[in-house]
Each structure stands twice: as structure tokens, then as C-alpha cells.
Amino acid sequence: MIRMHNLPENIKESLKPYYKENETPDVFPAKFNIGGKLYYYFTFAPAEEQLIMENDGTVQRFDVVKEVAVITNSYNVCIETFVNIGSKWIKANRIENYVKLKDILQEIKSKLDPFPQDVERAYRIFEPVPDKIIENQKVIEESVKKANQLWQRGREDLLVTEEDEKEMHGYLVDMIRAQVHQNDIQLQTENERKIIYDYVSSKKGLFNFTALNLARKLKPYEKHMFTSNSEDAKGWSELRHSVFNDDLEAERQKNAVLVYRKLRNPR
């Protein structure tokens, strides 16, 4: 990997005018090949700013490299998102948890059926939900896996291309859309879920150990599944609209403006 300590001396010297004593410069672990030219991508903690430098140490003006900055920043943000968010979504054991929920729902059907009409309707609507969540979780896990493979290749080759950035961004979009689908499915079936929870709870009389056990098994899902009262539900409508209406490219353009503001290349 490319690190600050193994940079060529001319690159270190070219970098010095662009950071302060209280800042810690860092370099992206691979060069970027964009438009047939090689670039270094630098950051300066704690400042949230970047610098684009050509392979020979030349620091071009802002107008020359601003689009390069959008590509390099996008790739870097993708990696950070996969590491900080995608990895957590995988570790959440969602597939295992929702396979268990499928079994619980089948057990409810076999042991507490026949249902009242409203519960029967709620059950038919909610029963496919675990499979849909599992299907989208597989997309999330596959996206994280492919993104990691792509990044490992870049680290080994010490090179990232424009095509790599597009591919990486595609994996990120797939992951986010799958997560949005998961939450949307849960939100759309919130009322049906509650009807089933309430029905099982109503059956757990003092000596109805079957209903007591089923209510206990359902409790974690009642607590953790996405609802209109969840912490992230406040901005849900806007995010859902962006994802389901293919507005992610528009968001990408908005982010480009932010990248321009934080670019240290001379104006």
C-alpha cells in the first residue's frame, strides 16, 4: 500500500505547502488513474478537506482537477460506507434472525389457528415478510463482498481506475436499495405485525404455556423491527423517494458541490 512514510521525497515536498502544523496529512493507499493520468489523493485530519496531486508532484488548479476530486472522493466515501455501515449490517445476523421468524410464524399458525378474520388477514400479509427481508439481506452481503474484493484488488495493484469507481458506486447503490427495501417492507406491514403480536399476547393466559412461549419468541422482533416510531423513521419518506425514484444520481451531483468546497487545490 501507498502510505505517507513510503511516498517519494518530491511528493512529500510538494505536499508541505498545503497543510498546517496541527494537521495530519494522509494519502489514499492507491493511485487513481483518471483520464490517462495518475493522481494521489490526500486528506488532512482534523480538517475535512482534500488535495489532488499528479504523479510527478504537480498540484494543478481547482478547475483542472475538480472532476478528478469527485471521482476520488466518491470511491473513498464508498469504502468508508462499506466499512462503517455495510459491515455492521452483515454482522447483524439478519438471515438467521428472519429464518427464526419464519419458524415462529409457522408455529403460531399451527398452534393458535383458527384465527379471527382480522388476524387471518394480517397473517397472510405478514407471512412473506421474512423471506423478502432475507432476499434483500443476501443482496447486501453480496454487495459488501464484491466491494471488498474490488478494494483488495486496488490495494494490491496500488491503482484505482474510473471504471473501478463506477463499479464500487454500483455496489453501494445496490446495498442501500436493499436496505431501503428491508425497512420499507417492515414499515408497510407495521399494523399487521401489531395485530399478530396482540393476538398472541391475548392468548397467553396463566396456563397457556404455548402462547407464553410464542409471545416471548416474538418479543425481540416487536422491539427491533422498523416502525414509524423508529429513530431513523423521521427522514424516511425523503430517503425512500430518492432510492425508489432513481434520484441517487441527483444526490451524487449535490455531493460534487460539497467536494468542490473542500478541495485545497489553488483556485
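Gln50 touches Tyr41, Phe42, Thr43, Phe44, Asn73, Lys262, Leu263, Arg264 and Asn265, leaving aside residues up to four places away in sequence. Touching, or contact, means heavy atoms within 4.5 Å. The model is predicted: local features need pLDDT of at least 70, side-chain atom pairs count only at pLDDT 80 or more, and totals for chains, interfaces and linings use all residues. Residues are numbered from 1 along each chain as its sequence is written, and side-chain values use heavy atoms, with hydrogens and water left out.

**Gln50**
- Gln50 sits in strand 4, residues 47-54. Strands are DSSP runs of E, at least two residues, and helices are runs of H or I, at least four, numbered from the N terminus.
- Gln50 is buried, with a relative accessible area of 10%. Buried means under 20% relative accessible area, exposed means over 50%, and partly exposed lies in between (1.4 Å probe, protein chains only).

**Pro8**
- Pro8 lies in the segment before helix 1 (9-15).
- Pro8 is partly exposed, at a relative accessible area of 34%.
- Pro8 and Asp56 are 48 residues apart along the chain, and their C-alpha atoms are separated by 9.5 Å.

**Helix 2 and helix 6**
- Two packed helices are described by the angle between their axes and the distance between the axes.
- Helix 2 (residues 62-91) packs with helix 6 (residues 162-188) at an angle of about 35°, with axes 9 Å apart. Axes are lines fitted to C-alpha atoms, for helices over the stretch in contact, and angles run from 0 to 180 degrees between N-to-C directions.
- On the helix 2 side, the contact includes Ile71, Tyr75, Phe82 and Trp89. On the helix 6 side, it includes Met168, His169, Leu172 and Met175.
- The contact residues divide into 10 nonpolar, five polar and three charged. Ala, Val, Leu, Ile, Met, Phe, Trp, Tyr, Cys and Pro count as nonpolar, Asp, Glu, Lys and Arg as charged, and the others, Gly among them, as polar.

**The whole chain**
- The protein chain has 10 helices and five strands.
- Its radius of gyration is 25 Å, well over the 18 Å that the globule rule gives for 267 residues, so the chain is more spread out than a compact globule. The radius is taken over C-alpha atoms, and the rule is 2.2 Å times the number of residues to the power 0.38.
- The C-alpha atoms fill a box of roughly 80 × 35 × 30 Å, taken along the principal axes.
- Buried residues make up 43% of the 267 residues.
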